[in-house]
Amino acid sequence: MSFGLPYEFVNDKEIVDLIGKPSELLVVDVRDEDFLGGNIKGAKNVPSRSFLDGVHNLVKESEEIPKVVFHCALSQVRGPKSARIYAETRKNLLPDAKPQEIYVLRGGFTQFQAKYGDQSALVENYRKELWEC
């Protein structure tokens with residue numbers, strides 16, 4: 001249920017099969033300094049602190065990709081905010097573009113790495129010691 005939002009939440013299981021297929025899925029990781037320690041394989045890091053500066057290019061670069069998934073560490077603030085900005089910018093820049101599915105990864109990278117951190121097909125640059133508490 002999206003409650004009128006321009007994106008929906010997606011679970012990790014729903015995108016795992018598409019990771020590593022750049023013509024089908026773009027993962028946008030909006031973490032800032034906390035990007036250190038690993039990322040979803042092939043994810044594009046567009047830090048939230050500079051997201052507004054790069055959103056136009058991101059929209060143009062991803063125009064033909066059918067699914068775009070945003071996330072931050074927990075996907076509670078930065079991920080959803082970036083997804084909203086992206087969707088609004090896309091609507092304004094590409095009003096006649098074919099529809100694109102825009103998602104926010106439920107639980108963010110924190111939950112994703114806890115489940116898949118040791119799987120190199122899904123996570124790259126992983127540093128387990130940074131995630132252990």
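Buried means under 20% relative accessible area, exposed means over 50%, and partly exposed lies in between (1.4 Å probe, protein chains only). The model shown here is predicted: local features need pLDDT of at least 70, side-chain atom pairs count only at pLDDT 80 or more, and totals for chains, interfaces and linings use all residues. Residues are numbered from 1 along each chain as its sequence is written, and side-chain values use heavy atoms, with hydrogens and water left out.

**View 1**
Let's start with phenylalanine 112 and tyrosine 116, which are both buried. Both lie in helix α3 (residues 108–116), four residues apart, about one turn of the helix. Helices (H or I, at least four residues) and strands (E, at least two) are DSSP runs, numbered from the N terminus. An α-helix has 3.6 residues a turn, so residues three or four places apart point the same way. The ring centres of phenylalanine 112 and tyrosine 116 are 4.7 Å apart with the planes at 45°, so this pair is tilted. Rings of Phe, Tyr and Trp (its six-membered ring) pair if their centres lie within 6.5 Å; planes under 30 degrees apart are stacked, over 60 edge-to-face, and the rest tilted.

**View 2. Aspartate 12 and its partners.**
Aspartate 12 sits in the loop between β1 and β2. With a relative accessible area of 4%, aspartate 12 is buried. Its side chain makes a polar contact with the side chain of tyrosine 116, at 2.6 Å. A polar contact is a pair of N or O atoms within 3.5 Å; within protein, one must be able to donate a hydrogen and the other to accept it, and residues adjacent in sequence count only if both atoms are side-chain atoms. Setting aside neighbours within four places in sequence, aspartate 12 is in contact (heavy atoms within 4.5 Å) with Leu105, Gln111, Phe112, Lys115 and Tyr116.

**View 3. The largest nonpolar core.**
A nonpolar core is a set of buried Ala, Val, Leu, Ile, Met, Phe, Trp, Tyr and Cys residues joined through side-chain atoms within 4.5 Å. The largest one has 20 residues, of which Val28, Phe51, Leu58, Phe70, Tyr86 and Ile102 touch the most other members. The elements giving two or more residues to this core are β2 (25–29), α1 (51–61), β5 (67–71), α2 (78–93) and β6 (101–105). A second, separate core has 17 residues, including Ile19, Tyr103, Phe112 and Val123. Look also for Phe51, Phe70 and Tyr86, which form one aromatic cluster. Apart from neighbours within four places in sequence, leucine 58 is in contact with Leu26, Val28, Lys44, Phe51, Phe70 and Tyr86.

**View 4. Helix α2 and what covers it.**
Helix α2 has 16 residues and reaches 22 Å from its first C-alpha to its last, close to the 22 Å expected at 1.5 Å a residue. That expected span is 1.5 Å times one less than the number of residues. Among the buried residues of α2 are Gly79, Ala83, Ile85 and Tyr86. What covers the buried residues of α2 includes β1 (8–10), α1, β5 and β6.

**View 5. Residues around the start of the chain.**
Leucine 5 lies in the segment before β1 and, at 37% relative accessibility, counts as partly exposed. The C-alpha atoms of leucine 5 and alanine 83 are 9.5 Å apart, although 78 residues separate the two along the chain. Tyrosine 7 and phenylalanine 9 form an edge-to-face pair, 5.8 Å centre to centre with 80° between the planes. Tyrosine 7 is buried at 8% relative accessibility, whereas phenylalanine 9 is partly exposed at 32%.
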